[in-house]
Amino acid sequence: MSDYIVSARKYRPDTFETLIGQDNIAKTLKNSIVRGKLAHAYLFCGPRGVGKTSTARIFAKTINCSNPGPDMEPCGECESCRSFAEGRSYCIRELDAASNNGVDDIKALMDQVQMPPQVGRYSVYIIDEVHMLSTSAFNAFLKTLEEPPAHAIFILATTEKHKILPTILSRCQTYDFSRISVGDMVRNLRAIAAKEGITIDDESLHIIAGKADGAMRDALTIFDQTVAFCGTDVHSGDVMKNLNVLGYEYHFRLVDAFLAGDYASAMLTFDEILAKGFNSQHFLSALGSHFRDLMVCGTAGLESLLDMPDSLRQRYAAQAAACSSGFLFRALGIVTACEASYKSSLNQRLHIEFALMQLSFLNGGVPASAPTVAPSVSARVSAPAPEPVHAPSAKTVETPVSEAAAPKAAEQKTPVPESPSAAEDVKSVAETAKPEARTPRARRGAVNTGASVSLNAMLNEDKEEKIDSAEEQAEAVDINTEQLAAAWKQLSEKQQKPRLKSALELAKVDLLAGDGYQTVEFEVSNEAQRKWIEENLLRELETDFRKFCGNPLVRLQVRVAETLEVQKAYLPREKAEELMSKHEEVRLLIKDFGLDTK
């Protein structure tokens with residue numbers, strides 16, 4: 001038990017060749033050693049776990065090595081290399097600035113700097129987490145960092161470059177370390193697993209690499225944790241369970257439900273995810289990433305942007321083929337908007353479920369189980385009325401039905417008692433059901449309130465719309481410029497959103513002619529404003545404006561201003577003249593008090 005060493009320490013890079021994902025930095029440092037152009041101060045900055053301190057140790061060991069290889073790798077056999085490996089080297093010293101961040105610690109370091117090395121040519125001082133030094137310590141370190149002894153070399157490492165004083169940065173050669181790619185981490189983990197005798201599939205390696213978020217040290221730590229849970233035979237299902245990672249299967253199931261318009265299955269899948277303890281916001285982020293991967297997979301030439309095993313890539317390709325680009329684009333927009341407003345939502349679960357419903361209807365899908373609708377007028381009339389006691393006879397009343405059901409309805413007659421009260425009831429209902437006795441809006445309402453929607457009624461809806469349009473055109477009255485201005489003012493004053501109200505008040509409005517319609521065109525300042533109004537507000541604005549101007553055929557459309565007015569007043573005198581030209585009160589005020597406009 002005591003001999004066990006974690007993989008992050010056991011497989012820590014000790015040569016430039018074993019350094020992962022930082023080839024450009026390794027090449028630059030080796031070239032500087034070959035050419036004998038070593039700086040007196042280096043700054044290694046970048047995310048955690050990408051090899052900053054390891055690179056500093058390799059560099060320090062190499063410049064002190066007595067017999068480096070042809071590719072500038074330390075030999076590992078000379079006295080300097082062996083003393084460093086055994087932890088007894090006085091030429092290479094490490095200082096943790098997180099716990100030694102005061103002026104006294106820097107003064108002690110300055111005293112040590114004056115001592116020449118016993119073995120090797122250079123005394124190398126590696127200061128880790130250098131951004132933790134206090135301002136006083138930085139100031140005390142400045143002079144030594146700028147003009148150290150010839151044998152002293154400083155290597156500063158930090159994860160937060162922005163916290164270091166500019167005067168320190170100007171004295172160092174800065175090397176920015178990048179995150180390690182998923183492919184590089186997978187290759188390194190596969191090699192380590194082979195050395196340790198562990199069987200692990202590519203999907204598990206990609207899950208570990210993705211969870212590490214670009215840090216090789218984190219990936220090795222997660223690898224050790226996974227091996228402790230699974231043993232020497234590691235499978236992706238066990239890795240997901242151990243790391244609490246949301247599996248890909250949920251994403252594929254959700255997208256299949258969205259394509260089928262089955263919002264009920266989508267909501268049940270989301271409930272299952274919550275029941276397993278996954279965070280809702282992480283679910284949104286993962287769903288957005290899934291849509292992104294589908295978009296990338298379905299676009300030729302972007303395959304290199306997918307970091308996943310081949311088996312999973314094939315599944316993504318199959319599902320991407322079933323999704324149109326428009327569907328994926330709109331789905332990404334819905335998920336992104338939901339994620340952006342998630343924290344401000346009071347009912348966060350309902351907020352996500354509503355987004356799932358929107359996604360279910362993106363592909364033109366219809367709910368798998370439509371809600372039950374109240375019976376139509378025809379269904380209520382066709383039911384036989386109770387026969388009164390004094391009804392001498394019964395007469396037949398025909399019930400209005402759709403054309404598709406006309407042949408069957410012609411054979412069926414509903415006997416209705418001839419009593420005065422019952423006859424009047426049936427007569428009033430029948431008159432209400434006549435198409436010519438109802439308004440256009442009432443006719444549309446009758447079509448949509450049936451127990452089941454008639455296919456013929458849906459096909460005839462376009463005809464009714466044309467009839468409505470003709471009737472509205474007969475009632476429409478053309479508006480003039482004055483009526484336009486008055487109606488537009490009412491429309492602007494009604495708005496509650498400050499941004500929309502300001503846009504309408506400042507908009508330039510024009511009245512255009514059309515075929516049976518009058519078009520009111522107003523301009524906004526930019527394309528984003530136009531898109532926002534057209535996608536969310538135009539229909540509501542058009543309805544209100546028609547009411548204010550008394551014309552049901554008026555249409556609204558938005559345009560973007562080609563050129564914006566440039567403010568020409570720069571000097572105080574010019575600004576005063578502009579105010580005086582626009583406001584009579586200002587001119588009189590300046591005149592009465594004799595104010596100087598210069």
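Local features were taken from the predicted model at pLDDT of at least 70 and side-chain atom pairs at pLDDT 80 or more, whereas totals for chains, interfaces and linings use all residues. Residues are numbered from 1 along each chain as its sequence is written, and side-chain values rest on heavy atoms, with hydrogens and water left out.

Five strands form an open sheet in the order 2-3-4-1-5 with parallel pairing, where strands (E, at least two residues) and helices (H or I, at least four) are DSSP runs numbered from the N terminus, and two strands pair if DSSP finds at least two bridges between them. Strand 2 (92–96) and strand 5 (173–176) are the edge strands, each pairing on one side only. Neighbouring strands are turned against each other by 20 degrees on average, direction ignored. Within the sheet, strand 1 (residues 41–45) and strand 4 (residues 152–158) are joined in the parallel sense over five bridges, and Leu 43 stands opposite Leu 156 in strand 4. Helix 6 packs on this sheet, touching strand 1, strand 3 (123–128) and strand 4, and its direction makes about 135 degrees with that of strand 4; axes are lines fitted to C-alpha atoms, for helices over the stretch in contact, and angles run from 0 to 180 degrees between N-to-C directions.

Helix 6 (residues 135–146) contains Ser 136, which counts as partly exposed because its relative accessibility is 45%; buried means under 20% relative accessible area, exposed over 50% and partly exposed in between (1.4 Å probe, protein chains only). The C-alpha atom of Ser 136 lies 9.7 Å from that of Ile 106, 30 residues apart along the chain.

In helix 23 (residues 481–494), the buried residues are Leu 484, Ala 487, Trp 488, Leu 491 and Ser 492. Seen down the helix axis, these buried residues fall within an arc of 140 degrees, so they line one face of helix 23; the arc is that of the directions from the axis to the C-beta atoms. Glu 482 and Lys 489 are exposed on the other side of helix 23.

Technical notes. Contact means heavy atoms within 4.5 Å.
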